Amino acid sequence: MPSAITPQAAPSLKRWERPAKTTEKLPWADIAVIDMSRYDLPGGKQELAEELRHAVHKTGFFSLINTGFSREEVERQYDIGQGFFSLPLEDKNREDNRCDFAVGNYFGYRPNNDKKMMGTNVLSNVESVNIPKFIPQYANQPFHPFFETYRTEIEDFSRRSSELAAKVFTLFAIILELPEDYFSSRHAYDSPSEDHLRYMVYHPRPLADDLKVERTWSRAHTDFGSLTLLWSQDVAGLQIKTDDASSSSSDPWRYVPPVDGGIVCNVGDTLQFWSAGYLRSTVHRVVRPPEDQAHLYRQGLFYFVRPGDGVDIKPAADSPLLRRLGLVTEADARGEPVTGLQYVRERVKNYHDHDDYADKRGATFKVGNLEIEDQAA
Ligand SMILES: O=C(O)CCC(=O)C(=O)O
Ligand SMILES: [Fe+2]
């Protein structure tokens with residue numbers, strides 16, 4: 001749908017500057033690139049699903065190109081995020097704009113330095129703001145007045161992110177031999193869910209502090225929802241934990257490479273549950289960037305897709321593929337339901353409602369019969 005948005009109508013914002021890529025040679029992950037311009041061609045979805053199968057089964061990470069988001073509109077979102085982060089702390093952190101972690105509500109603002117890291121005195125260097133879906137049910141959820149000026153643009157971006165996710169869900173349904181709308185219907189934009197558009201920035205830290213926390217900027221974790229869209233990030237630091245600790249290296253961590261004009265996607269916990277582990281919610285983390293980028297504010301743009309509040313996230317026992325593979329049985333169909341809202345709220349609460357981001361290597365997190373490794377080494 002052509003967009004009738006005129007960004008010039010809003011007051012001018014300082015332009016965000018795209019940082020230069022690192023010149024360091026890093027161990028990059030091999031990330032499949034899926035060309036979404038083929039999606040609507042005859043047989044296109046089936047071909048793309050086949051290309052995606054290996055990636056989602058092995059690492060759960062892949063990237064999309066030709067998604068319909070122009071470079072200008074993506075950078076405009078970075079301008080908006082940067083404009084918000086440059087407001088005074090008291091304003092950003094006003095009471096009606098804060099995440100309410102006590103109830104696992106991630107909508108709103110999370111300030112920099114809010115927690116200690118891994119049993120040290122080093123503080124978290126992440127600042128973020130999560131914007132809920134633009135539906136009447138969220139009229140009273142955090143939405144800072146700064147964003148009002150840009151509401152139309154942000155809403156357009158949010159809705160189109162969800163539309164893109166729906167196409168990816170269709171590919172997942174094809175892979176699992178389920179009806180094509182199996183997952184997209186469980187993530188309808190107009191039904192309540194904890195989906196959010198996120199502006200995020202990591203503040204650079206002195207090397208001495210980074211060394212005290214094993215260079216950790218974001219602890220190893222899996223994503224709590226269904227699918228994460230991450231607009232390609234030029235500041236290296238995001239790493240995925242792979243199975244290929246090869247003979248040349250015992251280190252399983254690989255950096256996610258930038259994909260110009262692309263969107264990196266990863267499968268979250270709920271799709272791993274629905275697919276009885278066939279689609280992988282891979283452990284990832286963010287570490288101090290290479291030294292030619294370590295001084296930069298690492299700003300990011302994301303859309304986190306969460307399951308519909310009321311949908312059951314237990315394994316899709318009706319998938320012929322999962323049945324043939326023996327991953328689901330009749331008993332799975334009869335298991336206790338766990339709803340999307342229940343899982344996501346409990347997971348956010350468990351992860352964030354503390355004074356610290358402790359080292360939780362090896363810990364697991366469980367709701368009903370659904371269990372996930374909370375933080376793998
Ligand atoms: O900042 C990044 O590149 C990834 C952040 C992330 O994994 C998350 O917020 O879930
Ligand atoms: Fe993540």
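## Phe-157

Phe-157 lies in helix 4 of this predicted model. Its relative accessibility is 2%, so Phe-157 counts as buried, the cut-off being under 20%.

Leaving aside neighbours within four places in sequence, Phe-157 is in contact with Phe-69, Glu-73, Val-74, Gln-77, Leu-197, Trp-231 and Leu-301. Gln-77 is 80 residues away from Phe-157 along the chain, and the C-alpha atoms of the two are separated by 8.4 Å.

## Packing of helix 2 and helix 4

The crossing is left-handed.

Helix 2 makes the contact through Glu-73, Val-74, Arg-76, Gln-77 and Ile-80, and helix 4 through Glu-153, Ile-154, Phe-157 and Arg-160. By type, these residues divide into four nonpolar, one polar and four charged.

## Nonpolar cores

The largest nonpolar core has 87 residues. Within this core, the residues with the most contacts are Phe-62, Phe-147, Phe-172, Phe-183, Tyr-199, Leu-227 and Trp-231. Helix 4 gives the most to the core, with 11 residues.

Not counting residues up to four places away in sequence, Phe-172 touches Leu-52, Val-56, Phe-62, Phe-183, Leu-227, Val-267, Leu-271 and Leu-279. Another core, of 15 residues, lies apart from the largest one. Its members include Ala-29, Phe-61, Ile-240 and Phe-302.

Terms used
Residues numbered from 1 in each chain as written. Chains lettered and ligands numbered in written order. Predicted model: local features only at pLDDT ≥ 70, side-chain atom pairs only at ≥ 80, totals over all residues. Heavy atoms only, no water. Left-handed = near helix turned anticlockwise from the far one by under 90°. Helix = DSSP H or I, 4+ residues; strand = E, 2+ residues; numbered from the N terminus. Contact = heavy atoms within 4.5 Å. Nonpolar A, V, L, I, M, F, W, Y, C, P; charged D, E, K, R; others polar. Core = buried A, V, L, I, M, F, W, Y, C linked by side-chain atoms within 4.5 Å. Buried < 20%, exposed > 50% of the residue type's maximum accessible area, 1.4 Å probe, protein only.
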